[in-house]
Amino acid sequence: MAHSKGWSFFAENWEVGPIFRALLRNKVGAMLIALQIAFTMTIIVNAIYIIVERSQKMQRPSGIDEANSFFISSVGFSNNFNGLATTQEDLNALRAINGVVDAIQINAVPLSGSGWSMGLQTQPGAEFDGTGAAVYMVDEHALKALDVALIAGENFSATDIQVRVSSQTHWPDKVIITLAMANKLFPQEALAAVGKTVYINDIEPMVVSGIIDKLQAPWVGWDNVENVMLTPEIRDSKSSRYFIRTTSGERDRIMTEVETLLAKSNPQRIIKDMHTLDETRLRAYRDNSAMIRILITVMTILVIITGLGIVGLASFSVNQRKKQIGTRRALGASQQAIVRYFMLENLLISTAGVMIGAIFTVSLNIVLVNAFSLDPITWYYIPLGMIALWLVGQLAVYGPAKKAASIAPAIATRSV
């Protein structure tokens, strides 16, 4: 009985009954707006989730000192070009530059999109699956040049560094791996991986001499982007890539100095492809940035279209019911009551829309998860999307509601 009285009070004061009857007389328009709200919510909620996921991916730390690092390539072109001797001379000269923290020869660069990969396994034999890892061939200066921290074990020594020729297939007997890689190879005992033997090329043993905290692979789209291994090698090749880290604020000055130094030191080679790590990060994530911009544009357009649709329906309703509104005003209805009427009408339409939209949102997310290997949407995105569309609806209908409230009671006396 109390419940019935409560509902009667609600219906009498908030005019739910008349609103429902009015909506039934124009049910096609109300249904179209509800479906438009549902469609908008479906796209917006999933788009925001993708934007957040992509943004988090773009902000992942690479593990290196990006702000103060750059790389440059040297390519010898003469027949008597001595790649190994030139590389050692270049490194000595680079490390002697005032403002250079350290420099190394490296076969690939984090975030660059191009590099080497191999598989490591904890047991020898082709029947065992390996864990993929990006390979960086470096010398004992790598940790300082890359600005990575050794959290267990020890760094390579100068005597560990081997010369790798282009046709070489065997690997050194030592390796430094990232903590993420150690966790994949030795779950629950990652830091205890130091001193343990892993295998490359199915059967070649390598002893884990150290573990570093974090370093990313060249491929930002790879799920195992932090699976990285460092091998103690210097490449004997006509082509070398140098990775240089500078003191804070000195990078741009030193880049010009390095380019001039290398170009003058040996006329039998070409110096090219000098890039900062900041540039490299922008290139690596440009597809993600483009996707975010597109999704933001689509969301903005959808919200505007939905808002205009709500304004149009409300304005049409006001024009159709001017005499009715004038009659209510003549009978004593306040302007606030008229505004409240249209705001509640829109709230009911929006509620139907967001309820349908919640179902559509989950359905679309299931499709996206299966098609693009995304994580399922976090539950709270759906209620937040519902609240956002409710607010859009209320803001859009407020103008027409105010217009309706301004209708004079005298209009009730006019003939149609």
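**Helix packing, cores and backbone**

1. α9 and α11 pack with their axes 12 Å apart, at an angle of about 135 degrees. That makes α9 oblique to α11. Angles under 35 degrees count as roughly parallel, over 145 as roughly antiparallel, 65 to 115 as roughly perpendicular and the rest as oblique. Axes here are lines fitted to C-alpha atoms, for helices over the stretch in contact, and angles run from 0 to 180 degrees between N-to-C directions. Helices (H or I, at least four residues) and strands (E, at least two) are DSSP runs, numbered from the N terminus.

2. This is a predicted model: local features need pLDDT of at least 70, side-chain atom pairs count only at pLDDT 80 or more, and totals for chains, interfaces and linings use all residues. Residues are numbered from 1 along each chain as its sequence is written, and side-chain values use heavy atoms, with hydrogens and water left out.

3. Back to the first pair. α9 passes α11 in a right-handed crossing. (A crossing is left-handed if the near helix is turned anticlockwise from the far one by less than a right angle, and right-handed if clockwise.) On the α9 side the contact is made by I310, L313, S317 and V318; on the α11 side, by F342, E345, N346 and I349. Contact means heavy atoms within 4.5 Å. By class, the contact of α9 with α11 has five nonpolar, two polar and one charged residues. For the classes, Ala, Val, Leu, Ile, Met, Phe, Trp, Tyr, Cys and Pro count as nonpolar, Asp, Glu, Lys and Arg as charged, and the others, Gly among them, as polar.

4. Next, α9 with α12. Their axes come within 8 Å and cross at roughly 30 degrees. The two helices are therefore roughly parallel to each other. The crossing of α9 past α12 is right-handed. α9 brings V303, G307, I310, V311, A314, S315, V318 and N319; α12 brings V392, G393, A396, V397, P400, K403 and A404. Ten of the residues in this contact of α9 with α12 are nonpolar, four are polar and one is charged.

5. Then α10 (residues 322-330) with α11 (residues 335-372). The axes come within 10 Å and cross at roughly 140 degrees. α10 and α11 are therefore oblique to each other. α10 passes α11 in a right-handed crossing. I325, R328 and R329 in α10 meet Q335, I338, Y341 and F342 in α11. The contact of α10 with α11 has four nonpolar, one polar and two charged residues.

6. Which residues have the most contacts inside the largest nonpolar core? They are M41, I325, I338 and F342, in a core of 33 residues. The elements that give two or more residues to this core are α3 (27-58), α9 (286-320), α11 and α12 (381-405). α12 gives the largest share, nine residues. Apart from this core lies another, of 24 residues, among them Y136, F156, I176 and A217. A nonpolar core is a set of buried Ala, Val, Leu, Ile, Met, Phe, Trp, Tyr and Cys residues joined through side-chain atoms within 4.5 Å. Buried means under 20% relative accessible area, exposed over 50%, partly exposed in between (1.4 Å probe, protein chains only).

7. I338 deserves a look. Not counting residues up to four places away in sequence, I338 touches I325, R328, R329, A333, A404 and A405.

8. Two phi values to check. Most residues other than glycine have a negative phi. L111 has a positive phi, near 75 degrees. L111 sits in the loop between β2 (100-105) and β3 (116-121), and is buried at 2% relative accessible area. D147 is not a glycine either, and its phi is positive, about 65 degrees. D147 is in the loop between α5 (142-146) and β5 (150-153). D147 counts as partly exposed, at 37% relative accessibility.

9. Is Q216 buried or exposed? Q216 is buried, with a relative accessible area of 0%. Its place is in the loop between β9 (204-212) and β10 (228-235). Leaving out residues up to four places away in sequence, Q216 touches R60, P61, S62, P110, L111, Y136, V225, E226, V228 and Y285.

10. G29 lies in helix α3 and counts as buried, at 16% relative accessibility. G29 and F316 are 287 residues apart in sequence, and 9.7 Å apart in space, C-alpha to C-alpha.
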